[in-house]
Amino acid sequence: MLTADTVTASYDQHAAAFAAEAATSAYNTYYDRPAVLDLLGDLTDRVVLDAGCGPGLYITELLARGAHVIAIDAAANMIGLARQHAAGQITVRQHDLTQPLYWLANGSVDVCLLALVIHYIDDRIALLRELRRVLRPGGHLIISTSHPTADWLTTGGGYFDTGWVEQRWSCGITHRFWHQPLQAWCAEFTTTGFTIDAITEHRPSAEMARTHPAEYDTLTRQPGFIAFRLTSSIGVTGTGEGV
């Protein structure tokens, strides 16, 4: 079984190949990023934490929307690539999301972005509590992850099964991700003091039909990813009491 450390090492080793593929891939360029950006809304003068930023593919768009960006990732080579997107305009830091964000004060962030990251985390409850701590009251957390139905179709077994899945991607990265039913995802969010404002089941952009027709055909019939806009509930702590 892969560990979180070996997954990070794999991302570090293949950072350039991943960045090149994700910059034009069907699932990133024409599927996840458009859906997530729609959920972000107006970011003028907002402090946005891009948690698990990878090679920084969201950074340019966040800056264009007027955000003050803090970008973090566990993989050093990913951070190096992220810096190239907006040298000097953002705060970039290597940081493992399994560790507390000790250098960020309570309520210092307006929006947290967690794009295709949460399913890699062993202790998701701890991470959600920490992100809620750094969010201002009423701040938003935008999460995208693989759709539970897509995971079920990929792994077989039962829809309500939970566990780790290992895969090897064409760019060379070997990774593992956690799968669980939709109810379990929602329970983790609400237990840690978030309310669910919106749920988006991704639909492929029209341009994907031209650039990636096979993927477009699949994704118009069955879901691949799902995204959530969560709000840090004012005065609600759930099991995150005291953070």
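A crossing is called right-handed if the near helix is turned clockwise from the far one by less than a right angle, and left-handed if the turn is anticlockwise. The model examined here is predicted.

**Exercise 1.** Describe the packing of helix α6 against helix α8.

Solution. 
- Step 1: Two packed helices are described by the angle between their axes and the distance between the axes.
- Step 2: For α6 (residues 124-134) and α8 (residues 182-191), the axes come within 9 Å and cross at roughly 40°.
- Step 3: Angles under 35 degrees count as roughly parallel, and 65 to 115 as roughly perpendicular; α6 and α8 are therefore oblique to each other.
- Step 4: The hand of the crossing of α6 and α8 is right-handed.
- Step 5: On the α6 side R124, I125 and L128 take part, and they meet W185, E188 and F189 of α8.
- Step 6: Sorted by class, this contact of α6 with α8 comprises four nonpolar and two charged residues, with no polar ones.

**Exercise 2.** Carry out the analysis for helix α2 and helix α5.

Solution. 
- Step 1: The axes of α2 (residues 15-22) and α5 (residues 76-83) cross at roughly 50° and come within 9 Å.
- Step 2: This angle makes α2 oblique to α5.
- Step 3: The crossing of α2 and α5 is right-handed.
- Step 4: A15, A16, F18 and A19 of α2 form the contact with N77, M78 and L81 of α5.
- Step 5: Six of these residues are nonpolar, one is polar and none is charged.

**Exercise 3.** Characterise the second largest pocket by volume and lining.

Solution. 
- Step 1: The volume of the second largest pocket is about 170 Å³.
- Step 2: Its lining consists of 12 residues, of which L97, T98, Q99, A126 and L127 are the closest to the centre.
- Step 3: The lining divides into six nonpolar, four charged and two polar residues.

Conventions: Residues are numbered from 1 along each chain as its sequence is written. This is a predicted model: local features need pLDDT of at least 70, side-chain atom pairs count only at pLDDT 80 or more; totals for chains, interfaces and linings use all residues. Side-chain values use heavy atoms; hydrogens and water are left out. On a 1 Å grid over the protein atoms alone, a cavity is a set of points where a 1.4 Å probe fits but cannot get out, and a pocket is an open set with protein on both sides within 12 Å along at least five of seven lines; lining residues have an atom within 4 Å of a point. Grid points are joined across faces, edges and corners, and a volume is the space filled by probe spheres set on the points. Ala, Val, Leu, Ile, Met, Phe, Trp, Tyr, Cys and Pro count as nonpolar, Asp, Glu, Lys and Arg as charged, and the others, Gly among them, as polar. Axes are lines fitted to C-alpha atoms, for helices over the stretch in contact, and angles run from 0 to 180 degrees between N-to-C directions. Helices (H or I, at least four residues) and strands (E, at least two) are DSSP runs, numbered from the N terminus. Angles under 35 degrees count as roughly parallel, over 145 as roughly antiparallel, 65 to 115 as roughly perpendicular and the rest as oblique. Contact means heavy atoms within 4.5 Å.
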